[in-house]
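I opened my notebook today to look through a new structure, one entry at a time. Here it is, so that you can follow along.

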Amino acid sequence: MLHTYAASGLVASPASGVFSLTWLLIALPLAGAGVLLLGGRRTDGFGHLLGNATSWAAFLVGLALFAGLLGRGAGSRAVGQHLFSWVPVGGLQVSAGLLLDPLSMCFVLLITFVGSLIHLYSVGYMAHDPDRRRFFAYLNLFVAAMLLLVLSDSYLTLYVGWEGVGLASYLLIGFWNRNPEYAAAAKKAFVVNRVGDFGLSVAIMIMFATFGRVDFVGVFAGTSHASSAVLTAIGLMLLLGATGKSAQFPLQSWLGDAMAGPTPVSALIHAATMVTAGVYLVVRSSPIFDAAPTARLLVVAVGAVTLLFGAVIGLAKDDLKKALAASTMSQIGYMMLGAGLGPVGYSFAIFHLLTHGFFKAGLFLGAGSVMHGMNDQTNLRGFGGLSKVMKITWLTFGAGFLAIIGFPGASGFWSKDKIIEAAFVGSGWQPWVFGLAAMLGAGLTAYYMTRLFAMTFHGQARWSDDVHPHESPLVMTIPMMVLALGSLFLGAVLGPTGAITGWLEPVVGAASEGGTVLAPTVISLATLALVVIGAGLAWLAYGMRPVPTAVPAATWATVAARRDLYQDAFNEAAFMRPGQYLTRSLVYVDNRGVDGVVNGLAALVGGTSGRVRRWQTGFVRSYALSMLTGAAVVVAALLLVRL
Amino acid sequence: MSPLTSSVLTATIQAPKIEYSQVAPMLIVLGAAVLGVLVEAFAARRLRYGLQLGIALVGLLAALVSVALLAGAHHIVAMGAVAVDGPTLFMQGSILVFAVLGVLTMAERSLDPGGTAFAAQAASVPGSTAERDAVGAGIMQTEVFPLTMFAVSGMLLFPASTDLLTMFVALEVLSLPLYLLAGMARRRRLLSQEAALKYFLLGAFSSTFFLYGVALLYGYSGSISLTGIADAVSGATGGDALLLIGTALVSVGLLFKLGAAPFHSWTPDVYQGAPTPLTGFMAAATKVAAFGALLRVLYVALGGVRWDWRPMMWAVAILTMVVGAVVAITQTDVKRMLAYSSIAHAGFLLTGVIATSRAGLSSVMFYLLAYGFSTIGAFAVVTLVRNSGGEATHLSQWAGLGRRSPLVAGIFTLFLLAFAGIPLTSGFTSKFAVFSAAMAGGAAPLVVIGVLVSAVAAFFYVRVIVLMFFSEPVGDGTSVVLPSALTTIAITVGAAMTVVLGVLPGWFLHLADQAAVFVR
């Protein structure tokens, strides 16, 4: 497979040396999941240890591969490993293979490192759960599937990984399925994701129909010959897939309910890794989107709408985890926006994805630590003043807080600022609309995060007497500290040094500077001003004044935000009911309509049917008549074709 | 004595020359069927079950061995009536394997307290004293086994026939025992008998179409052999209304057997009413036989007029896929849902038929093999989910099954995923194969419709999975009964082949490709 799959002419070389170990990345956690699931109760004793061991081992393999890639020149950092021929006959050639390049390397490190930290944290968090082994089996399964998703060299194997992470996600959302509400949340995630997966599968089918192949090399090589209509169709279907998995508008509704799962799951799957798979899909498919401007414009629009949508919902949520989920939705909106901007934004989208992986995982683990100390309560109005009793959680959560609002110097500042700047690049109305939306989003983010931070850790204590908040054990706080360090410094290491853009350039193309409609310094200062205003207003409202423990009456806008901007009501009215009517009416046609038509025909056919009817009863009569009609139509059709 | 009678009397009659070794698979199965009838007549009642099961299995396995020994044969035997070639042998092999699995599930006695899934005494009136006596005496209708063997022998001959009259005889030989068997369910007997009557009436109706089509084709070409018709088609100069009407009517007869719309109306009723092990066997093996015959007629005899029949087949394929997938969505009975699913699959298979190429033939044969394993397995799982009234086939009774019996629900999920065509199952490989054959055969719009329909179809399979794993169980006494080794083997083989044909289909695809040449 000595063919390029990227704009820069990057060619994947066959795996040799350390790279022949690439398959181990997936095999290790998969083996862990297999042993824990098949071993049953026998493995209860060491389940959590085995789960950690395989995950950390995968991280070490990832590090070795990273070192190997660093040792190569920028133009040859891509390795393909052929696994086996899946469908090897005649005109059908589908093989399963892995592709390790700078883009997938980023994800491998993020997934294995953050994933392993969360494995470690879960040892403490799930210590009292009787099903802890099963939990680790699912986590391992998730890591394996996610690695397959980012390492596959064709859309088909990517799809297998895509379904695999989905499966792990449903299993973990419904992990406490004794609670019917939690089982319903898993069901909702499953159904909404089905709509997205439908898009991805249709995209793959169109690719196969157009190019005859579904591997990256074959598809991207074909884009230069394909019509723009086909490429737009593929792009739109890929986008539909991405919106489902990444909880983007209009398929965002499942993410809030997915918080029913254990908190480490929310951190790993529903914040740091799986939900960013949509961004990966768009960036990986950059040759398609580069050739389909309409589809790319829609990606930007989806990103812009979602980032504001999520932020507005976050403003009014009183549930710690659901507010963080709304914020995840909004931050992924930023990444989508960046990915839709084209080469100017691809690497910044991935950059924000990496920093977000650290700070959002840190925030969720912090939330888990708070819940751990507060009898699993998540209502912000029942917290307050926790900074005194949970010092480490307060500090690590604070680091994540600074990162997400874009405090100068923290990780989020470097990555989000770049996306906002890139949104202002271009001409016409688009840079103004998208740029200003991204900037406004930064102000809203500062407001809702400050509100959340203040209501949790500051102000007077509002918890009831039977709660005794305490700091979590070290096995939980150490991962939080590591993630806090990443939240503060990762951005500065990768961003201003140009490390991330240089690293990704062979895959996604050069991120050219300039061309913004406003001067970059103006954009940065204006963004900073909005952040200060947002954070200040929130501090005045929630940090300085007492917070009522009962939910106060509010304006219609706040009520709408509390109700997730009526997304469920909308889904029900727009999709569920028409769908039900459609199927119902089709069934009506099949059961009664055909019968009715046939009965009408019977009158025409007259004498014959009259005699037939006398010795046939019930539906057989109409069945036979429908066959007779069908046969007549078939004969007529054949004769007509000849005419 | 008139000259005419004297010439008749003096004419010598040529003894037909039959190559017995070449038609051995059919003869072995027929022999086993006849032996089964003798056992019914002469063996003691308590010995019959064991003897019949043994004879059926030994006969089927021996026939399978003789099919394997014939591999590579490529000629027409039995005075030009039977073709022994790649497609014949591949499909006969498939039918025999499905028959083995089918007989295993039919012989299952540990699920129902009364015995097998078949009525104790099919002739007794439902609800009568005679029925109660028969059940009380614990007798069973072991004629089921020879009847099945007769049906199998018809199925073996159907795709091998090279003239239309032999094909018609095969059609009746395979159909008549199935009409009988469909009416012999132990539980819900009235429903079963109604289904059998409907199947019989409609089957007879469709046979007349087929026969009339044969007559018209004979009128056109002066021959009933497929090659004779092909010669007449290629030498024709016009005036071919007889040919076209004959083609249409023969197609209708065959499309009825494989359950294509608008000739599908019998399928849901019969699949639901018939004893479940029989439904599984019928859905798998009858489809193979009917598609085999359709392919042979369309490819060998009518290949020259394919530009005439292809548009009609396009319409039938589209209608079949859409009706099957859309109506399945609102079904509330597992067996009816699987019936509509089988209609949709007939539509997908027709896209491969329309390709009119070697790839089309081989992909359809592979699809039939893959689909048969999953179908027999799926219906075998349906026999396990029961309550006090027999099988619990209403979908609401399957809610929460995944909590109570993760293994059974997991296996059923595997079959559903295969029906939906999810990668790493046989359903994906086979859909991929027929769609790419249709694509290469110039039927791209058909493939697009097929892909869209399979996405719709995926919805109702997934709905059942959601129901099994994410819904609260209903407490109406529905439970999973542990089967004996017979059904366990059938389900295990079905599930294993569903995975094997999805993950490592290479050898089977190769085999189908090697076999995909009709003898002419």
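My notes below go from the whole model to single residues.

**Entry 1: ground rules**

I noted that this is a predicted model, in which local features need pLDDT of at least 70 and side-chain atom pairs count only at pLDDT 80 or more, while totals for chains, interfaces and linings use all residues. Residues are numbered from 1 along each chain as its sequence is written, chains are lettered from A and ligands numbered from 1 in the order in which they are written, and side-chain values use heavy atoms, with hydrogens and water left out.

**Entry 2: confidence**

I looked up pLDDT, the predictor's confidence in each residue, from 0 to 100. Chain A has an average of 80, with 85% of its residues scoring at least 70. For chain B the mean is 90, and 97% of the residues reach 70 or more.

Where in chain A is confidence lowest? I found it in helix H24 (residues 607-615), with a mean of 36, whereas helix H11 (residues 277-284) is highest at 92. In chain A, the pLDDT is below 50 over residues 582-618, and this stretch has 26 contacts in the model beyond near neighbours in sequence. I counted a contact as heavy atoms within 4.5 Å. A reminder to myself: where pLDDT is low, the predicted coordinates should not be read in detail.

**Entry 3: the two chains**

I listed helices and strands as DSSP runs numbered from the N terminus (helices are H or I with at least four residues, strands are E with at least two). Chain A holds 25 helices and 3 strands, and chain B holds 21 helices and 5 strands.

Next came burial: buried means under 20% relative accessible area, exposed over 50%, and partly exposed in between (1.4 Å probe, protein chains only). In chain A, 58% of the 643 residues are buried; in chain B, 64% of the 520 residues are.

I also checked contacts with a separation of 6 or more. Residues 24 or more positions apart account for 81% of these in chain A and for 80% in chain B.

Two packed helices are described by the angle between their axes and the distance between the axes. My axes are lines fitted to C-alpha atoms, for helices over the stretch in contact, and angles run from 0 to 180 degrees between N-to-C directions.

I began with H5 (residues 155-173) and H10 (residues 263-272) of chain A, whose axes come within 11 Å and cross at roughly 155 degrees. H5(A) and H10(A) are therefore roughly antiparallel (under 35 degrees counts as roughly parallel, over 145 as roughly antiparallel, 65 to 115 as roughly perpendicular and the rest as oblique). On the H5(A) side I found A:Ser169, A:Leu172 and A:Ile173, which meet A:Val265, A:Ile269 and A:His270 of H10(A).

Then I moved to H17 (residues 411-423) and H18 (residues 430-457) of chain A, which pack at about 155 degrees with axes 7 Å apart. H17(A) and H18(A) are also roughly antiparallel to each other. From H17(A), A:Lys416, A:Ile420 and A:Ala423 take part, and among their partners in H18(A) are A:Phe434, A:Gly435 and A:Ala438.

Most residues other than glycine have a negative phi, and most peptide bonds are trans. Which kind of bond joins A:Phe249 to A:Pro250, cis or trans? I read it as cis, with omega near 5 degrees. A:Pro250 sits in the loop between helices H8 (228-245) and H9 (254-257) of chain A.

The bond from B:Ala261 to B:Pro262 is cis as well, with omega near 0 degrees.

B:Met79 has a positive phi, near 55 degrees. This residue is in the loop between strands E1 (75-77) and E2 (82-84) of chain B and is exposed, at 57% relative accessible area.

**Entry 4: two residues inside helices**

Is B:Ser94 buried or exposed? I found B:Ser94 in helix H4 (residues 86-106) of chain B, buried at 4% relative accessible area. Leaving aside neighbours within four places in sequence, B:Ser94 touches B:Val288 and B:Leu369.

B:Gly410 belongs to helix H17 (residues 406-420) of chain B and is partly exposed, at 29%. Its C-alpha atom is 9.2 Å from that of B:Phe469, 59 residues apart along the chain.
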